[in-house]
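Open the model in your viewer and keep the selection tool at hand. Take the stops below in order.

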Amino acid sequence: MSFRSDFYWGGATAANQLEGGWQEGGKGVSCPDVCTGGSATKSKRITPVLEEGTFYPSHDAIDHYHRYKEDIALFAEMGFKMYRFSIAWTRIFPQGDESEPNEAGLKFYEDLIDECLKYNIEPLITISHYEVPFHLTQKWNSWTDRRMIDCFLNFCRAIFTRYKGKVKYWLTFNEINSATTAMGAFLGQGILNEIKTMDFMDQVDVPNNRFQGLHHQFLASALAVKMAHEIDPNYQVGCMQIMATSYGLTCHPADQVKNQQQTHLRNWFCSDVQCRGKYPNYIKRYFKENNITVKMEPGDDEILAAGPVDFYTCSYYMSACQTADPAKQKAGQGNILGGVPNPYLKASDWGWQIDPEGLRYSLNEIWDRYQLPIFVVENGLGAYDKIDEDGKIRDDYRVDYLRQHIEQMHEAVLDGVDLRGYTPWGCIDLVSASTGEMAKRYGFIFVERYDDGTGDFSRRRKESFYWYKKVIETNGEDLG
């Protein structure tokens, strides 16, 4: 058994990380637009008032807004069957709370969708990908406020209606479970508990706000699923999770219990609600022990039960270990999502531990738990790329990473997992969401854009471009 004959090979991006054109076509200010550049060693900053002379990477990003036709043609040259991208909420509703959509924004994405369809590339659209209108952050502290649900549904209605017949696959919230961590508050939910300039990694965290925000996002997702099916019965709506695979550091039972608790919270809580349509019992103890009180209204349970997703998607980059022994708790490479490093794994330049077999393990766990079609919609290696004297970018390290993960996806298919597609992250170089830098490159396509704001945005194919083209041509059979 190999990959399905209709397997979706492709790539993934997000609007705020590649489009640029941040004030063009009537676009409003989104949360990423107030974030400065950063690096692997220096946090990006959140500046509610934009600073003169400061570099804001999302403002131009890689200029996809003006170059999307060139980029889609390159994706088509590789043979993409699917392209996952997001719609900037602020292009459609600049403030987020208007009653009528911005036609220029709707037209831009219609043209982008048509360009994909011209090459028989299936769009997979993320509705909200780390891009809340900053106006709603200032007005209501974003998803802490229940009124956000209606704003989101107004956004959904506009795009579900406009792109009916052209789009089939949708995702409601990107990496929704990022909000189970402090870092996910502003990144994923637009929640900013103090409106002031600060380092991105030093936000004031109010866990209750994050979990209240998640409740509102769960309701919005369920209602969006229902709306999508009513507007077009052919629409398929999925969830999107970070798969933060982890293992007990040792075979000590306490480490296994610690890992189970971590896995429940990080990996299963959000997808249990979105896939099963109800809160899992284990989260009640977590809420109680962490003094979290989520306000729910009559009828909320019924809304969740009526709006489970049609399919499951996730990002997968790394794994970590969990230990109950305080003496073994240590910071270090490989534990950006918590936990401790795995002594058996190597890490990327950014400290993300590389674990291809963890992907097979995780896909089996997901399939056994939900029995829903699965897409891996982010995976890849962020690395420093250099242009050799002959003009080539020899990124064999990226090919090795992707090859090993595709091999393990194939093993999962042999295990019986219903895997439908694979869209590696940052198929063209773009701005890093976590660090706000261009130096952390993922793409098959190199973009001449640098962290000091220089570069002419020209594109050039890396060696991995030709390798991935061959992978797609052979439906994953030739990984050499």
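This is a predicted model: local features need pLDDT of at least 70, side-chain atom pairs count only at pLDDT 80 or more; totals for chains, interfaces and linings use all residues.

**Stop 1: the barrel**

Eight strands form a closed barrel, in the order E1-E3-E4-E5-E7-E9-E11-E12, and their pairing is parallel. On average, neighbouring strands of this sheet are turned by 30° against each other, direction ignored. As a reminder, strands of a sheet pair through backbone hydrogen bonds, either parallel or antiparallel.

**Stop 2: strand E1**

Select residues 8–12. This is strand E1, and five of its five residues are buried, so the strand is largely enclosed by the rest of the structure. Show the side chains next. Which residues point one way from E1, and which the other way? Tyr-8, Gly-10 and Ala-12 point one way, while Trp-9 and Gly-11 point the other. All of them are buried.

Strand E12 covers residues 419–422 and runs parallel to E1, joined by two bridges. Find Trp-9 here: Tyr-422 of E12 stands opposite. Strand E3 also runs parallel to E1, with three bridges between them. On this side, Gly-10 stands opposite Met-82.

**Stop 3**

Select residues 82–86 for E3 and 122–128 for E4; the two strands run parallel and share five bridges. Pick Tyr-83 and look across to E4. Its bridge partner there is Pro-123.

Then select residues 103–118. This is helix H5, which lies across E3 and E4. Helix H5 runs at about 170° to E3.

**Stop 4: helices H9 and H10**

Select residues 207–231 for H9 and 253–276 for H10. The axes of H9 and H10 come within 9 Å and cross at roughly 35°. Which residues meet where H9 touches H10? From H9 come Phe-211, Leu-214, Phe-218 and Ser-221. From H10 come Leu-265, Phe-269, Cys-270, Val-273 and Gln-274. By class, this contact has seven nonpolar residues, two polar and no charged.

**Stop 5: the largest pocket**

The largest pocket holds about 430 Å³ of space. Its lining has 16 residues, and the closest to its centre are Gln-261, Gln-262, His-264, Leu-265 and Tyr-286. Leu-265 is also one of the H10 residues that meet H9.

Which helix gives the largest share of the lining? H10 does, with eight residues.

**Stop 6: the cavities**

Hide the surface and look inside. Rolling a probe the size of a water molecule over the atoms shows where empty space is left. How many cavities of 30 Å³ or more does a search of the whole structure find? The search finds 10.

Centre the view on Tyr-130, Glu-175, Tyr-317, Trp-352 and Ser-434, which lie nearest the centre of the largest cavity. This cavity holds about 350 Å³ and is lined by 24 residues. Of its lining, 14 residues are nonpolar, seven polar and three charged.

For the second largest cavity, select Asn-16, Pro-32, Cys-35, Lys-44 and Ala-433, the residues nearest its centre. Its space is about 180 Å³, and 17 residues line it. Helices H1 (15–18), H2 (57–60) and H8 (184–189) each give two or more residues to this lining. The lining divides into 10 nonpolar, six polar and one charged.

Methods:
Residues are numbered from 1 along each chain as its sequence is written. Side-chain values use heavy atoms; hydrogens and water are left out. Two strands pair if DSSP finds at least two bridges between them. Helices (H or I, at least four residues) and strands (E, at least two) are DSSP runs, numbered from the N terminus. Axes are lines fitted to C-alpha atoms, for helices over the stretch in contact, and angles run from 0 to 180 degrees between N-to-C directions. Contact means heavy atoms within 4.5 Å. On a 1 Å grid over the protein atoms alone, a cavity is a set of points where a 1.4 Å probe fits but cannot get out, and a pocket is an open set with protein on both sides within 12 Å along at least five of seven lines; lining residues have an atom within 4 Å of a point. Grid points are joined across faces, edges and corners, and a volume is the space filled by probe spheres set on the points. Ala, Val, Leu, Ile, Met, Phe, Trp, Tyr, Cys and Pro count as nonpolar, Asp, Glu, Lys and Arg as charged, and the others, Gly among them, as polar. Buried means under 20% relative accessible area, exposed over 50%, partly exposed in between (1.4 Å probe, protein chains only).
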